[in-house]
Amino acid sequence: MLKRIFGKSVFTDAGLAAYGRAVEQGRNPYFYRELGVPDSVDGRFDLIAIHVFLTMRRLRREGAAAEALGQDLSEIFFADMDVNLRELGASDIGVGKRVKRMIEGFYGRVDAYEKALASGQEELREVLRRNLYGTTAVEEDALTAMATYVACADRALEGQGWASLGEGKAAFPDPAKTGAGDD
C-alpha cells in the first residue's frame, strides 16, 4: 500500500516494510480500547512515532547499513505525515509548517523516550503522560500498562536479529500479552 501512496518510490523496500510494521502496530485497537490512547490524529501520530522510534533505536546498534535503514524509515514517516495532512484537507501552505512541527516534535520525543528508557518505569510513565496522553486524562493503570508495553517492545526488538530487521520485519510484541493491561 505504501508504494501505491508514494508511487515510484525513492525509499527502499526494507524502509517501506519497517514503516508498514510501525503503522500496523500503532493501529492495534488494543491501545485505543484497553489502554486509553486517544483515537485521534495526535494519538495515532504518537503511537506510530513510538514504534518508529523503537525500530530506529534498535537499528542504531547494527552499524552503517542499519543506520541508513533508520534514516529511510524516518523519511518515510515524515512523507506519510505530509500525505495524511493533505488528505485531511490541510492547505498546501500549511502542510509544510505542520510537518516541520511534527518532525521537531518527533525528535523531541525520541530524546525524551531515550532518556526515559535509560531512567526507568517512572520516567517512562511521565514521558508517555506528556506525549501519548497529552491531550487527555489517563488512568494510572493504563499509563503503567503502556509504559510496560514500551519497555517490553524495546527488549523484544533488542533480541531480534539483523536478518529480519534488515528486511524491515520488526517483530513487536502483542500488547495484550506484555503485562500491559493485566490486573
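Modeller: Before we start, a salt bridge here is a side-chain nitrogen of Lys or Arg within 4 Å of a carboxyl oxygen of Asp or Glu. And keep in mind that this is a predicted model.

Colleague: Fine. How many salt bridges does a search of the whole structure find?

Modeller: The search gives 14 salt bridges.

Colleague: Let's take one. Which residue does Arg-61 form a salt bridge with?

Modeller: Its partner is Glu-158, and the closest N and O atoms of the two are 2.6 Å apart.

Colleague: Why does Arg-61 count as partly exposed?

Modeller: Its relative accessible area is 39%, and partly exposed covers what falls between the buried limit of under 20% and the exposed limit of over 50%. Glu-158 lands in that class too, because its relative accessibility is 40%.

Colleague: Now Arg-129. What does Arg-129 form a salt bridge with?

Modeller: One partner is Glu-126, where the closest N and O atoms are 3.3 Å apart. Both residues lie in helix 7 (residues 121–130), three residues apart, which is about one turn of the helix. Arg-129 is partly exposed at 28% relative accessibility, and Glu-126 is partly exposed with a relative accessible area of 28%.

Colleague: Which residues do the salt bridges that share partners join into one network?

Modeller: The network is made of Glu-122, Arg-125, Glu-126, Arg-129 and Glu-140.

Colleague: Change of topic. At what angle do helix 4 and helix 8 pack?

Modeller: The angle is about 30 degrees, and the two axes are 9 Å apart. Angles under 35 degrees count as roughly parallel, so helix 4 is roughly parallel to helix 8. The crossing of helix 4 past helix 8 is right-handed.

Colleague: Which residues in helix 4 meet helix 8?

Modeller: On the helix 4 side they are Leu-47, Ile-50, His-51, Leu-54, Thr-55, Arg-57 and Arg-58. On the helix 8 side they are Met-146, Tyr-149, Val-150, Ala-153, Asp-154, Leu-157 and Glu-158.

Colleague: What about helix 2: how many of its residues are buried?

Modeller: Ten of the 14 residues of helix 2 are buried, so the helix is largely enclosed by the rest of the structure. The buried ones include Ala-14, Leu-16, Tyr-19, Arg-21 and Ala-22.

Colleague: What span should helix 2 have, at 1.5 Å a residue?

Modeller: Its 14 residues, 13–26, should span 20 Å, and the end C-alpha atoms are 20 Å apart, which agrees.

Colleague: Next one. Is Asp-72 buried or exposed?

Modeller: Asp-72 counts as buried, because its relative accessibility is 9%. Asp-72 lies in helix 5. Leaving out residues up to four places away in sequence, Asp-72 touches Phe-11, Thr-12 and Gly-15.

Colleague: And the chain after helix 9? Where is Ala-170?

Modeller: Ala-170 is in the segment after helix 9, and so is Ala-171, with helix 9 covering 162–165. Ala-170 is buried at 3% relative accessibility, whereas Ala-171 is partly exposed at 42%.

Colleague: What does Ala-170 touch, not counting residues up to four places away in sequence?

Modeller: Ala-170 touches Arg-21, Thr-55, Leu-157, Gln-160 and Leu-165. From Arg-21 to Ala-170 the C-alpha distance is 6.6 Å, although they are 149 residues apart in sequence.

Terms used:
Residues numbered from 1 in each chain as written. Predicted model: local features only at pLDDT ≥ 70, side-chain atom pairs only at ≥ 80, totals over all residues. Heavy atoms only, no water. Helix = DSSP H or I, 4+ residues; strand = E, 2+ residues; numbered from the N terminus. Expected span 1.5 Å × (residues − 1). Buried < 20%, exposed > 50% of the residue type's maximum accessible area, 1.4 Å probe, protein only. Axes fitted to C-alpha atoms, helices over the stretch in contact; angles between N-to-C directions. Parallel < 35°, antiparallel > 145°, perpendicular 65-115°, else oblique. Left-handed = near helix turned anticlockwise from the far one by under 90°. Contact = heavy atoms within 4.5 Å.
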